[in-house]
Amino acid sequence: NTLIFKKFDVNKNNKVNFIDVLNSFRNVSDERKKLIENFTHQVLKPGQKFISFSYLETIVDTNYHPEVMKFVKTAPDVLDEYLRTWDNLKDDDLITAENFAEYFYDISTCIESDEDFTQCLHSCGYK
């Protein structure tokens with residue numbers, strides 16, 4: 001218990017943010033971090049800290065998503081899931097660069113194969 005508070009009670013008020021604790025379990029390789037960083041820079045307009053969700057919708061092509069290519073899910077189902085998962089991370093049409101990166105860090109945690117993760121990013125518009 002003491003170790004958790006030493007690490008996560010940054011304000012020393014005997015409170016721990018459980019999101020910070022859960023995020024600490026996330027293990028994303030340096031290669032994946034670089035891919036996510038590059039994708040973030042790709043979709044950010046110069047000088048802006050927000051990404052347009054409308055723009056993200058135009059660059060996604062779920063036909064190339066690993067689950068679609070392996071016939072696990074249909075392209076429309078994957079697209080629907082992708083669009084719905086952004087609901088809590090966007091404010092109207094805007095997503096912060098931080099939330100964009102966090103989203104893909106979370107996705108990375110769920111995908112074991114580096115090849116599948118990279119393909120997932122490409123299906124979301126990464127070039």
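Trainee: Which pattern does the chain follow when read along the sequence?
Mentor: The model is a predicted one. Its secondary structure comes to 8 helices and 3 strands. Read along the sequence, these elements give the pattern α-α-α-β-α-α-α-β-β-α-α.

Trainee: How much of the chain do buried residues make up?
Mentor: The chain has 127 residues, and its C-alpha atoms fill a box of roughly 50 × 35 × 25 Å along the principal axes. A residue counts as buried under 20% relative accessible area. By that cut-off, the buried share of the chain is 32%.

Trainee: Among contacts with a separation of 6 or more, what share comes from residues 24 or more positions apart?
Mentor: The count covers contacts in the chain with a separation of 6 or more. Residues 24 or more positions apart account for a share of 59%.

Trainee: At what angle do H3 and H7 pack?
Mentor: Helix H3 spans residues 30-43 and helix H7 spans residues 97-110. H3 passes H7 in a right-handed crossing. Their axes lie 10 Å apart, and the packing angle is about 145 degrees.

Trainee: Which residues make that contact of H3 with H7, and how do they divide by class?
Mentor: H3 contributes Arg-32, Lys-33, Ile-36, Phe-39, Thr-40 and Val-43. From H7 come Ala-97, Phe-100, Ala-101, Phe-104, Tyr-105 and Ser-108. By class, the residues of this contact divide into 8 nonpolar, 2 polar and 2 charged.

Trainee: Is Phe-39 buried or exposed?
Mentor: Phe-39 lies in helix H3. Leaving out residues up to four places away in sequence, Phe-39 touches Ile-59, Phe-100, Phe-104, Leu-121, Cys-124, Gly-125 and Tyr-126. Its relative accessibility is 0%, so Phe-39 counts as buried.

Trainee: How far apart are the C-alpha atoms of Phe-39 and Asn-88?
Mentor: Phe-39 and Asn-88 are 49 residues apart along the chain.

Trainee: Which residues make the contact of H7 with H8?
Mentor: H7 and H8 pack at an angle of about 145 degrees, with their axes 10 Å apart, and H7 passes H8 in a right-handed crossing. By class, this contact has 5 nonpolar, 1 polar and no charged residues. H7 gives Phe-104, Ile-107 and Ser-108, while H8 gives Phe-117, Cys-120 and Leu-121.

Trainee: Which residues are the closest to the centre of the largest pocket?
Mentor: The largest pocket has a volume of about 360 Å³. It is lined by 20 residues. The closest to the centre are His-65, Glu-67, Ile-107, Ile-111 and Cys-120.

Trainee: Which element gives the largest share of the lining of the largest pocket?
Mentor: The elements that give two or more residues to this lining are helix H5 (66-69), helix H6 (75-85), H7 and helix H8 (114-123). By class, the lining residues divide into 10 nonpolar, 4 polar and 6 charged. The largest share is 4 residues, and it comes from H6.

Trainee: Is Asp-116 buried or exposed?
Mentor: Asp-116 is found in helix H8. Beyond its neighbours within four places in sequence, Asp-116 is in contact with Pro-66, Lys-70 and Ile-111. The cut-off for buried is under 20%. At 18% relative accessibility, Asp-116 therefore counts as buried.

Trainee: How does Thr-85 count by relative accessibility?
Mentor: Thr-85 is found in helix H6. The C-alpha atoms of Thr-85 and Val-16 are separated by 26 Å, and the two residues are 69 apart along the chain. Its relative accessibility is 42%, so Thr-85 counts as partly exposed.

Trainee: What is the phi of Asn-14?
Mentor: Most residues other than glycine have a negative phi. Asn-14 lies in the loop between helix H1 (2-8) and helix H2 (18-24), and it is exposed, with a relative accessible area of 65%. Its phi is positive, near 60 degrees.

Trainee: What is the phi of Asp-92?
Mentor: Asp-92 is found in the loop between strand S2 (90-91) and strand S3 (94-96). At 68% relative accessibility, Asp-92 counts as exposed. Although Asp-92 is not a glycine, its phi is positive, at about 55 degrees.

Technical notes:
Residues numbered from 1 in each chain as written. Predicted model: local features only at pLDDT ≥ 70, side-chain atom pairs only at ≥ 80, totals over all residues. Heavy atoms only, no water. Axes fitted to C-alpha atoms, helices over the stretch in contact; angles between N-to-C directions. Left-handed = near helix turned anticlockwise from the far one by under 90°. Contact = heavy atoms within 4.5 Å. Nonpolar A, V, L, I, M, F, W, Y, C, P; charged D, E, K, R; others polar. 1 Å grid on protein atoms, 1.4 Å probe; cavity = no way out; pocket = protein on both sides within 12 Å on 5 of 7 lines; lining within 4 Å. Points joined across faces, edges and corners; volume = space filled by probe spheres on them. Buried < 20%, exposed > 50% of the residue type's maximum accessible area, 1.4 Å probe, protein only.
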